[in-house]
Amino acid sequence: MSTEPETTEETGPGTPEMPEAQGAPGTPGAPGTPDEADGGGLAADGDDGADETSEVSGAPEVSEASVVLEAEGGGADEETAESAEGSESAESAADGAGKPELSEAAAELAAQRLERERIERRKAERDGPVESGAKLSGKAADLLAAVRAVEAGGKPASTVFAAPSRPAPEPGPATAAAAPVRPAPEPEPVRQERPTPAPAPAPGGPSSRTVDAVRRVLAEGGAPEALGQQAAVALGEGAGELLRADPWQLLRVPGVRPEQADGFARALLGAECGPRDERRGRAVTVWLLEQAALAGHTALEAPALTAALAQRGVPDPDEAVQSTLAEGEALVFEDPLEEAGAPAAQPADDDGEEERPVRVLIALERYAMAEESLADGLARLINSPSQDAEETWAPVVAALSGGAAELARAVAGHGLVLHTGGDASRAEPAALLGAARDAGLRALAVCHTADGRDRLAALPPTRGADVGTVAGLLAGTEGPGRDGDGTLELDLLIVPDAPQLDVESAAMLVESLPDGARLVLGGDPALLWSAGPGRVFADLLAARACPQIASRLPDPGPIGELVSGIGIGELNQVEAPGKEVVIVPVRDAGEAVHRTVQLVADSVPRAFGVPVEEVVVITPGHGGAAGTRALNSALKERLNPGPGRFGGFDPGDRIAYSPAPGRTLPGTVVKADAEGLHLSCAGAPVVVPRERVEAWVRHGWALTAHQAVGGRWPAAVVVLPGDAAQALSRPWVYTAFGRGERHLSVVHGAEGALPRAVAEIPAKPRTTRLATLLRPQSPTD
């Protein structure tokens, strides 16, 4: 492993070359400090310098007593913050909220409505209601995952579960005013993955009368009137009256925090406003659950939720939770504890029933329904293999050999099969896809990103026609049609990027498959998990409810060897005779930016023949002196200088387009006109309305690892500044280092933090229910 390409330029005056050993991944050294927060990345409350520095999958544990949403000035979690990509600033994008710009969006919304109706019908057929407990109890597991919130009037920001630096403010004197029942909001649509050429007409949103009424109420409460459109979209018709009756419903608007809603409530209610108001308790409870979902949780353990409520200034957290449950704004579950170390079951009582230890979980209905529907659908696939399976699948098995044949044999006998392995292992499901098609079966593969789709389609057995994207399939713009029951006309569906499936998109995919169909979920379990809530692939692996086929195909070359070692917690030196892996040591963030620009603009293209547009830069966060903003600014100045006439963008700029949380599409600016900013993303034209540009489009020479997951480039430059120490984890390093196919340069200033992250910091746990729901339950009398 070299420390630098031979053709790399001198670093500049006063910057001596560093010895080779200094930049090696295993070099010991003191850890860096976290980036300063930046309002558009992972930020502490209101701090416009906070960096979205992290996917800190293994940050130091936080005691249960200190669990709370948001840390003043604390570090952050990129895994959460990437869920916030594309979330609008509360003020700047208010007027454009709720207006889709893509024709695929309208199709997807219609498909989602049909699927949700089917899910609700299936839920109604269950034997009994969801079991709920009247008393919240149980031992809460440590909640380590970060959550993100969107700063009002600023870029997307995220927060962490940690103790606040100051007590939460109290809204004012207590009141006994009764709260009106708020209509339950409609579920948000599942995130789409791929834009389509033409904008679609906007669906019917709130009327102008509703928006005007909301703005008047906001003005009375001292809130920005620009929030009117977003509040009307979030609360629906009658939003003005609802806000006047229950000011804390302002927390439904993305970006609004409890302290801001408290100020709004004080201005509207005056002496009637108080910390014991049950309306405040319910609203903060729902807000905490929503923030936890942005961090990847589908539910929260009751003690963790009540601790967070207490630290948010709710005097009686248990009462607030019970009120939220009574109003139907959340659901409660009692799941049996069967993990190692769980308390033993208590002896049978007088009725002869054994008292089993349980954990009490609180969840928003949206995610609870999706998780249970996913479990039901998976159980249906597992238990409904076709009757003529052996005859149908025999030609497929006979046509394959090696790992692909092993996968085909498992698929022949089972409705659900898991397939694990690195990027090279995708050849096995590709071969299965081709053989199934040749045997006359209706087969399709769908990937997380357009890049993944194109790479899979380029493998010879697939021949392109049978590969799409998850979003395209759900929206009906890719894949087969649906039958009279609304199910996809498929015999086999392969998802090679299953670790990136969140619980909602997974539920919709599974519910769309007919009885007897085969589902293959594949992917690399060492990658970062989905940006949305859930950890579907990891939960399925843990549940062991179906066959699991581990590929034996290693990723090739020095990069493959390096990444394979990282996956098992080892950061090894690798032989790289062609300088496939290069370590570039730096002393500070300024030098890191300088050397990164040098590598992208000159050294890598000159030494390895990779065009500039095929080099990606990956860094832990958006803010800070070496975050995506600083790097993109420097790269634009070098590679495509211009005045930035349209929101800071010029034709030819590389961009990252994020129209929804957790979705990022790399692309290029084509032009700008009265319609908006014209982009080219994965070969498809996209028009972003001018009011959405600031919230949805960033420069994209440099990305975060969550933005880059699902794609690969001929060359990758990974930037590890010294202040990124808290951002690093094994999944982050594994994902970032694996984005380069032919060459990887590591601009390394993190010293000992890098090997420590690989060896000691695994993925941060998420609280989910899927594994429990899939686990066979003991019969009861």
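**Exercise 1.** Which residues have the most contacts inside the largest nonpolar core?

*Solution.* The model is predicted: local features need pLDDT of at least 70, side-chain atom pairs count only at pLDDT 80 or more, and totals for chains, interfaces and linings use all residues. Numbering starts from 1 along each chain as its sequence is written, and side-chain values use heavy atoms, with hydrogens and water left out.

Step 1: A nonpolar core is a set of buried Ala, Val, Leu, Ile, Met, Phe, Trp, Tyr and Cys residues joined through side-chain atoms within 4.5 Å. Buried means under 20% relative accessible area, with a 1.4 Å probe and protein chains only.

Step 2: read off the core. The largest nonpolar core has 80 residues, and those with the most contacts inside it are Leu243, Ile362, Leu374, Leu493, Val495, Leu519 and Leu521. Helix α7 (residues 278-294) gives the most to this core, namely eight residues. Helices are DSSP runs of H or I with at least four residues, strands are runs of E with at least two, and both are numbered from the N terminus.

Step 3: look beyond it. A second, separate core holds 36 residues, including Val574, Val581, Ala725 and Phe737.

**Exercise 2.** Determine what Leu519 touches, leaving out residues up to four places away in sequence.

*Solution.* Contact means heavy atoms within 4.5 Å. By this criterion, the partners of Leu519 include Leu378, Leu381, Gly415, Leu493 and Val510.

**Exercise 3.** Which strands stand at the edges of the five-stranded open sheet?

*Solution.* Step 1: two strands pair if DSSP finds at least two bridges between them. Step 2: the order is β17-β16-β15-β14-β18, with antiparallel pairing. Step 3: β17 (684-688) and β18 (697-699) are the edge strands; each has a single partner strand, so one side of each lacks a neighbour in the sheet. Step 4: within the sheet, β14 (residues 654-657) and β15 (residues 665-673) pair over four bridges, and Ile655 stands opposite Gly667 in β15.

Definitions and conventions
Buried < 20%, exposed > 50% of the residue type's maximum accessible area, 1.4 Å probe, protein only.
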